[in-house]
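Hi everyone, thanks for making time this morning.

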Amino acid sequence: MAAQEYPTLNDYAPSWADIQTTFTVDGGSALDMIDYKGIKWSSSVEVGTQRGASGGRIMKRTTGAKTDEASATLYRSGLRKLIRALMAKGTTRGNQVAIGTVAFDILIQHSPPGDPEIYVEKLKGCRLLKIDRTMTEGTDAEEVEVDLNPIEVVQIIDGKEVVLL
């Protein structure tokens with residue numbers, strides 16, 4: 001029997017009981033999501049520099065521009081649940097429903113064992129950019145890699161949204 005897999009949050013593996021994840025489609029339904037293996041996100045700031053006429057040393061730097069990225073590994077059942085929610089707000093073209101422009105938020109709440117703090121992260125305004133399926137032999141449930149395009153990633157601490165920039 002294979003070891004039970006847990007969802008990972010930036011490579012930390014709290015137990016199932018410690019994580020609550022909600023996907024909320026803009027103007028649509030909220031899905032309590034448990035059908036995923038992992039979610040990964042990052043925020044980074046790229047700054048520019050101003051060099052003086054003193055040997056090219058950096059004299060000042062700009063505020064910069066922030067970039068947020070995210071991806072997830074969903075089980076096929078989780079992807080189907082998400083797609084159905086996106087379809088409800090998608091654009092119908094004949095027999096097709098376009099879901100690529102429908103935005104959704106991902107709210108992740110967790111508390112590691114022994115820590116009284118509840119950690120809250122929110123991936124705001126995500127769009128589904130890529131669905132990558134690989135069928136392989138084995139007994140594990142089918143996994144689907146998805147690339148997400150969040151507008152903003154925030155940590156919520158003491159009721160305030162905290163961002164890099």
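Let me start with a question: which residues does I106 touch, not counting residues up to four places away in sequence? Keep that in mind while we look around, and please remember that this is a predicted model.

First, the sheet. There is an open sheet of 6 strands, in the order β3-β2-β10-β11-β14-β15, and the pairing is antiparallel. At its edges stand β3, residues 30–32, and β15, residues 160–162. Each of those two has a single partner strand, so one side of each is left without a neighbour in the sheet. From one strand to the next, the twist averages 25°.

Now let's zoom in on one pair. Lying across β2, β3 and β10 is helix α1, residues 76–87. The helix runs at about 175° to β3.

In general, nonpolar side chains in soluble globular proteins tend to be buried together. The largest nonpolar core here has 28 residues, and the ones with the most contacts inside it are I39, F104, I106 and L123. At least two residues each come from β2, β4 (36–46), β7 (65–75), α1, β10, β11 (119–126) and β13 (143–148). The largest share, 5 residues, is supplied by α1.

So, back to my opening question. I106 touches T21, T22 and F23, then I39, then E121, K122 and L123, and finally C126 and L148.

Strands β5, residues 49–51, and β6, residues 58–61, pair in the antiparallel sense over 3 bridges. R51 has I58 in β6 as its bridge partner. The two strands form a hairpin with 6 residues between them, and in the turn G55 has a positive phi of about 80°.

Last stop: where is there empty space? Rolling a probe the size of a water molecule over the atoms shows where such space is left. The largest pocket holds about 240 Å³. It is lined by 13 residues, and T134, T136, A141, E142 and E143 are the closest to its centre. Strand β13 gives the largest share of that lining, 3 residues.

Technical notes
Residues numbered from 1 in each chain as written. Predicted model: local features only at pLDDT ≥ 70, side-chain atom pairs only at ≥ 80, totals over all residues. Heavy atoms only, no water. Pairing = 2+ DSSP bridges. Helix = DSSP H or I, 4+ residues; strand = E, 2+ residues; numbered from the N terminus. Axes fitted to C-alpha atoms, helices over the stretch in contact; angles between N-to-C directions. Contact = heavy atoms within 4.5 Å. Core = buried A, V, L, I, M, F, W, Y, C linked by side-chain atoms within 4.5 Å. Buried < 20%, exposed > 50% of the residue type's maximum accessible area, 1.4 Å probe, protein only. 1 Å grid on protein atoms, 1.4 Å probe; cavity = no way out; pocket = protein on both sides within 12 Å on 5 of 7 lines; lining within 4 Å. Points joined across faces, edges and corners; volume = space filled by probe spheres on them.
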